[in-house]
Amino acid sequence: MKIGDILKNNRVTVSFEVFPPKQWDKIESTKKTVREMSVAQPSFMSVTYGASGTQAGFTLEIAEEIRDSGMTPLSHLTCVTSSRDKIHRVVGDLKSAGVENILALRGDIPEGFEFPDTEHFEHASELITEIKSLGDFCVGAACYPEIHPESKNRVEDIEYLKHKVDCGAEFLTSQMFFDNGAFLNFVEMCRVKGIEVPVIAGIMPITNARQIKRSIELSNCSVPEKFYKIMERFGDEDASMQQAGIIYATEQIIDLMANGINNIHIYTMNKPAVALQIMNGLSEIIK
Ligand code: FAD
């Protein structure tokens, strides 16, 4: 099924993200994770793509497992280090596997990297156009409620975001955030600037204090005082931190829904217990 159709009619959706393993011998374990999460019947499940593009087969294998577990797969695809030919091959493989949804991303630029030639895509918008020319895919793109780290300012960031939508992105999935106010302001600004497609809120349940440090460094997102206090109090006790992180994420989702946001994407970090507990906490709300 196309994600564009799943997101129609303002229905509440909750989807999951998983990442493929770094080594092939862990693939069965990741597939098991996917099957365990399928019990919660997420609206769709996405699988990330390695920044270097060298493990495209791992992403495809997991997308197929998502499909075989009765869920709609969304395969991520990055372009920064891949040639046009490579992109064509990967998109062809996705098409053959019946994967209809692709999240088109640039990927982070490796240090010292120079775009070698016109056979490489410099921006996600170019990748979106290319994928659209290769088949009947539903294509999504990434967005950043607290601005992409390379952007000069919010206005410029939203202009480029609008360009991605104009190139064919049918939905946007956000970078994680902990401050709902930042996300709600961002969605409002998107609407003012004429971006009408669904903006899916990316929620990262933080279940250990080490994870949050790394996640914040990578994402550039602000952390509310309330969440710092939770980390200070429970950060050294893994089980307590996990419970607090699940409850914080669940409350964050409920608050977003109360403010009219219907589409939620959970960065599960491949932890079925975390994903299932959040879904449990929302069971009546998302019925
Ligand atoms: P772009 O949309 O190309 O934007 C990158 C920067 O360039 C922004 O500052 C933008 O404002 C600017 N820009 C855009 N267009 C232009 C233009 N025409 N001219 C000048 N500047 C422009 N990474 C992975 O490696 N694998 C994944 O699976 C993955 N999944 C992700 C999923 C989500 C939901 C998110 C939010 C991020 C994900 N990332 C992933 C990280 C992502 O690849 C990085 O954040 C990357 O730095 C930017 O990718 P993008 O698609 O947003 O790039």
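Predicted model: local features only at pLDDT ≥ 70, side-chain atom pairs only at ≥ 80, totals over all residues.
Before I start, one convention: Ala, Val, Leu, Ile, Met, Phe, Trp, Tyr, Cys and Pro count as nonpolar, Asp, Glu, Lys and Arg as charged, and the others, Gly among them, as polar.

I begin with a pocket where the classes apply directly. The second largest pocket has a volume of about 260 Å³. Its lining consists of Val12, Thr13, Val14, Ala40, Gln41, Pro42, Ser43, Leu276, Met279 and Ile286. Sorted by class, that lining gives seven nonpolar residues, three polar and no charged. Two elements, β1 (13-18) and α11 (272-281), each contribute at least two residues to the lining of this pocket.

Next, the ligand. How many residues surround the ligand? There are 23, and the closest are Tyr49, Arg106, Asp108, Tyr144 and Lys164. By class, the shell around the ligand splits into nine nonpolar, nine polar and five charged residues. As for where they come from, β3 (73-78), β4 (101-105) and α6 (154-166) each provide at least two residues of the shell. The largest share, three residues, belongs to α6.

Now some distances at the ligand. In the side chain of Asp108, an N or O atom sits 2.6 Å from an oxygen atom of the ligand. For Lys164, a polar side-chain atom is 2.7 Å from a ligand oxygen atom. With Gly107 it is the backbone: one of its N or O atoms lies 3.0 Å from an oxygen atom of the ligand. On its own, the ligand has 980 Å² of accessible area, and the protein covers 85% of that.

Tyr144 comes up again in the next item, the cavity. Searching the whole structure turns up one cavity of 30 Å³ or more. The largest cavity has a volume of about 40 Å³. Which residues line the largest cavity? They are Tyr144, Pro145, Glu146, Ile147, Gln175, Met176, Ser219 and Cys221. In terms of class, this lining has five nonpolar residues, two polar and one charged.

Last, the aromatic rings. A pair of aromatic rings is described by the distance of the centres and the angle of the planes. Across the whole structure, the search finds four aromatic pairs. One of them is formed by Phe178 and Phe227, with 5.3 Å centre to centre and 15 degrees between the planes. That pair counts as stacked because its planes are under 30 degrees apart. Where do the two residues sit in the chain? Phe178 is in the loop between β6 (171-174) and α7 (180-192), while Phe227 is in helix α9 (residues 225-234). The two are 49 residues apart, and the pair links distant parts of the chain.

Notes: Residues numbered from 1 in each chain as written. Heavy atoms only, no water. Near = heavy atom within 4 Å. Polar contact = N/O pair within 3.5 Å; in protein donor to acceptor, adjacent residues only side chain to side chain. Areas by Shrake-Rupley, 256 points an atom, 1.4 Å probe, with all protein chains shown as cover. Helix = DSSP H or I, 4+ residues; strand = E, 2+ residues; numbered from the N terminus. 1 Å grid on protein atoms, 1.4 Å probe; cavity = no way out; pocket = protein on both sides within 12 Å on 5 of 7 lines; lining within 4 Å. Points joined across faces, edges and corners; volume = space filled by probe spheres on them. Phe/Tyr/Trp six-rings, centres within 6.5 Å; stacked < 30°, edge-to-face > 60°.
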